[in-house]
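Here are my quick notes, for when you have a minute with this one. I've kept to the sheets and the ligand site.

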Amino acid sequence: MIALRDITKRYDVGEETLTVLKEIDLTIEDGEFVSIMGPSGSGKSTLMHILGCLDLPTSGSYLLDDIEVAERTKRELAQLRNQSIGFVFQNFHLLPRMSALRNVELPMMYAGVPRATRRARATQLLAQVGLTERARHLPTALSGGQKQRVAIARALANSPRLLLADEPTGALDQATGADIMELFRQLHEAGMTIVVITHDPSVASCAQRTISLVDGVIQEEGHA
Ligand code: ADP
Ligand code: MG
């Protein structure tokens, strides 16, 4: 479902050009659970931005469901990000003035889902992540692990085909992080395609396959 071929990403920084990703080849099948590891600055987040259609490569091909991402219009890309890809970040990225429930409803609102339908679906998603009791709480009234559960529920709102997580346990203690990984494991079992970026080998070991990125190059691929 995902095929990166010869992907290079460069940034112009003043006079210099920084090559952050170098001729990346990567195929991810439907339903796969992949982790990406590598030192700080090795290009992991840049790769996730490209996978998530938040950014386009400088050169190379990215086929998502047999369609070249670079050939889509801006509008199609925005729709793709909202409806086909779920994002989870280290620092949750919840909207602070909205309740857990409204945060989860937001992607459905952008997709034009009617109010009653999105409320019902958001309620069901919060139940799925074990937060029924916290639906009306603002993010400030939630623990880190609870915030990340809300963020995961939100990422699932439009039933994406791909879930991307950048250091999802990076701001959590070990036990809470393990709970979050258990949630990812359940989603994988239910058929979700998941890519998790992490520094933590115990988090990476939840995946079927680990890719290690060093200085913008895929170094090795290990299978669980
Ligand atoms: P990682 O997530 O592995 O820590 P990143 O993908 O965030 O690495 O960054 C890789 C390199 O690209 C770093 O040297 C970073 O400074 C640089 N970089 C990332 N985004 C930009 C940008 N928008 N402009 C210039 N340089 C960038
Ligand atoms: Mg990063």
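1. A word on terms before the sheets: two strands count as paired if DSSP finds at least two bridges between them. Keep in mind, too, that this is a predicted model.

2. Now the ligand. Which elements each supply at least two residues of the shell around ligand 1? They are strand 1 (2–13), strand 2 (16–28) and helix 1 (44–51). Helix 1 gives the most, with three residues.

3. Going through the shell by name, ligand 1 is surrounded by Tyr11, Val13, Leu18 and Val20, then Gly38, Ser40, Gly41, Ser42 and Gly43, and finally Lys44, Ser45 and Thr46. By class, that shell has seven polar, four nonpolar and one charged residues.

4. Elsewhere, have a look at strand 6 (residues 85–89). Five bridges join strand 6 to strand 7 (residues 162–166), and here the two strands run parallel. Gly86 has Leu163 of strand 7 as its bridge partner.

5. Is strand 6 mostly covered or mostly open? Mostly covered: four of its five residues are buried.

Technical notes: Residues numbered from 1 in each chain as written. Chains lettered and ligands numbered in written order. Predicted model: local features only at pLDDT ≥ 70, side-chain atom pairs only at ≥ 80, totals over all residues. Buried ≥ 20, exposed ≤ 12 C-beta atoms within 10 Å, placed from the backbone. Near = placed C-beta within 6 Å. Nonpolar A, V, L, I, M, F, W, Y, C, P; charged D, E, K, R; others polar.
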